[in-house]
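Dear colleague,

Please find below the structure that I am handing over to you. My notes on what was found in it follow directly after.

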Amino acid sequence: MTTKSPYRWLAVALILALFAGPGCTKQSPGVEEPRATKRDKTAKGAGIGAAAGAVLGAVIGEREADEILAGAAIGAGIGAGVGAYMDKQEEKLAHIPGTRVERVSEDLLLVHFESDVLFNVDSTILDAESRAALDEATQVLLEYPKTAIVVQGHTDSTGTEMHNQDLSERRAKAVVSYLVGRGIDATRMTSVGYGEGHPIASNDTHDGRRLNRRVDMLLKAKAR
């Protein structure tokens with residue numbers, strides 16, 4: 001599934017909004033709710049949604065993509081055809097089951113893999129279904145080699161911050177390792193774990209926590 005997102009200037013506004021409004025939660029009597037971090041509460045207070053969270057995810061990972069593109073791995077840029085180059089990848093990636101593709105800007109895509117699709121709870125081992133999804137993604141990534149890949153791991157706020165940070169890093173690395181094993185050049189990829197720090201939904205509900213447990217793949221093409 002593909003969704004359209006505002007360009008980078010809107011991302012800046014979203015980041016400012018994230019830190020502008022105070023967050024608040026209300027706990028029902030007798031119900032133990034997951035621990036919420038300051039950043040999670042702030043996100044909820046600002047009314048952040050999935051689309052806004054996706055743009056934020058692209059912004060925080062774009063620096064890593066630019067570092068890859070500045071190296072020798074990607075080679076010469078695409079030039080004026082960068083938009084069409086990303087269009088083709090977007091269309092093909094959107095057909096992979098269990099993924100959602102966010103078009104952030106002309107040269108930037110954010111591909112969401114629900115962690116429930118890639119990993120069992122609290123696990124970093126890819127099962128047969130997840131490997132099938134990544135195999136499909138691999139075929140697209142091999143077809144378009146002038147794209148930098150930043151694999152981003154995220155968790156919900158269940159468990160300790162230290163555990164969630166470690167889990168997110170190990171899951172992102174597991175995806176990168178698998179892609180390398182399938183033929184993707186390791187020099188055009190990197191992995192980053194963000195723990196529970198960048199939720200796209202409330203951690204107060206089951207559905208919200210499921211959305212926050214995710215692995216994103218930021219793709220950026222080299223225009224020049």
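**Findings, starting with S123**

S123 counts as buried because its relative accessibility is 16%, where buried means under 20% relative accessible area, exposed over 50% and partly exposed in between, with a 1.4 Å probe and protein chains only. Please keep in mind that this is a predicted model, in which local features need pLDDT of at least 70 and side-chain atom pairs count only at pLDDT 80 or more, whereas totals for chains, interfaces and linings use all residues. Residues are numbered from 1 along each chain as its sequence is written, and side-chain values use heavy atoms, with hydrogens and water left out.

S123 sits in the loop between α5 (115–118) and α6, helices (H or I, at least four residues) and strands (E, at least two) being DSSP runs numbered from the N terminus. S123 is in contact (heavy atoms within 4.5 Å) with L167 and R171, leaving aside residues up to four places away in sequence. Although S123 and L167 are 44 residues apart in sequence, their C-alpha atoms are 7.9 Å apart in space.

L167 and R171 are also among the residues that line the largest pocket, as are V121, D122 and R213. A pocket here is an open set of points on a 1 Å grid over the protein atoms alone, with protein on both sides within 12 Å along at least five of seven lines, and lining residues have an atom within 4 Å of a point. The volume of this pocket is about 160 Å³, a volume being the space filled by probe spheres set on the points, which are joined across faces, edges and corners.

For the protein chain as a whole, the secondary structure comes to 8 helices and 6 strands, and 49% of its 224 residues are buried. Of the contacts with a separation of 6 or more, 76% are between residues 24 or more positions apart.

Best regards

Definitions and conventions:
On a 1 Å grid over the protein atoms alone, a cavity is a set of points where a 1.4 Å probe fits but cannot get out, and a pocket is an open set with protein on both sides within 12 Å along at least five of seven lines; lining residues have an atom within 4 Å of a point.
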